[in-house]
Amino acid sequence: MMKEFLNNFQSPILLDCTIRDGGYAINFQFSARDTRNICTNLDKSGIRMIEVGHGLGLGASNPSNGIAFESDEDYISTAKSVAKNAFIGAFFIPGIGKKEDIKKAKDAGLDFIRIGKDVTDLSVTRDFIDYSLGLDLHVSLNMMKSYAVSALELGNIINNIKAWGVDAICLVDSAGCMLPEQISEYVTVIRENSDSPVGFHGHNNLGMANANSLAALKGGAKFVDATLRGMGRSAGNAQTEAMAFIFQEYGYDVNLDPFLLLEMSENIIEPLMLYPQGLSSMDIVIGISKFHSGHLPRFKRILKKYDIDLRKLIIGVSKVNCINPSDELIESVAKDLARIDEFS
């Protein structure tokens, strides 16, 4: 079912891995309740692929790696119970997880698996790839630390694994050290040497995760990863709610609901975070609205008269005048929003 959907879906796909990579930021303590809440709203927002579980993948929960709040099977079955449209996946690293972990995950309802290993040591993934394909899972090969090889070396590696039959090949900027030009070059090399769709997973150590994800998309990538509030290991990841706006700006997937993702980030994710990561929902709204924050005091004064969302007011006014909005315009849009809220 998933493979058929992906073959027919023309737009690139925003893959959310908050409940997997984002778990690093809270010591893997997403509960079943958190998982249910987050996955329900990700599904409603139009996210089509959701990755869950321990940050280090299936079978990783132990004292050495950190004990997750729930078991692999509970994360997967909980996510599956609320996801009406989204497919549910998990990460897997050979040497950490075992085949029996993959089988238990499949039995719990797993739709896709992403098998990761350093780009210089991919041969150990082959047996697990074959096993997962035999279970009819959608299988991605995630080339961790992709920057460890040159573009020329990467081309040779892709040629050598061409016969493995993976459903996707994912470029991974594990250290957040790559730049957009490199991402474009590497994605192009993968596409030129393989028929498998390309994915990209970026970290934000140089503040480039969103820009690198866009470079991957413009280079022809089919999947890009992100997390709500950009939460994740080290400096975090590309940010789901920001990437949703970028997707729409470029016409990739207009069925995403960025505003619901902003609400999730602010109301569900921020209270769980142990330390700040990513951009606030207001920062993102200001960016996508072409809005100058110097106007904020005038907008906030309007909220004393109308019980409306400041972010919606900024977006509505900026659609008419993002340079120097008048008080009259702000008031007019505020009235319209208040009427809409009253009758909705």
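How do the residues of the lining of the largest pocket divide into nonpolar, polar and charged? They split into 6 nonpolar, 3 polar and 2 charged, where Ala, Val, Leu, Ile, Met, Phe, Trp, Tyr, Cys and Pro count as nonpolar, Asp, Glu, Lys and Arg as charged, and the others, Gly among them, as polar. Keep in mind that this is a predicted model, where local features need pLDDT of at least 70, side-chain atom pairs count only at pLDDT 80 or more, and totals for chains, interfaces and linings use all residues. Residues are numbered from 1 along each chain as its sequence is written, and side-chain values use heavy atoms, with hydrogens and water left out.

**Aromatic pairs**

- Rings of Phe, Tyr and Trp (its six-membered ring) pair if their centres lie within 6.5 Å, and planes under 30 degrees apart count as stacked, over 60 as edge-to-face and the rest as tilted.
- By that rule there are 7 aromatic pairs.
- Tyr-24 and Phe-28 make an edge-to-face pair, because their ring centres sit 5.1 Å apart with the planes at 65 degrees.
- Phe-28 is buried at 9% relative accessible area, while Tyr-24 is partly exposed at 21% (buried means under 20%, exposed over 50%, partly exposed in between, with a 1.4 Å probe and protein chains only).
- Phe-5, Phe-9 and Phe-87 are linked into a cluster by ring pairs.

**Charge over a ring**

- Arg-20 lies over the face of Phe-91, 4.4 Å from the ring centre (the rule wants NZ of Lys or CZ of Arg within 6 Å of the ring centre and within 35 degrees of the ring normal).
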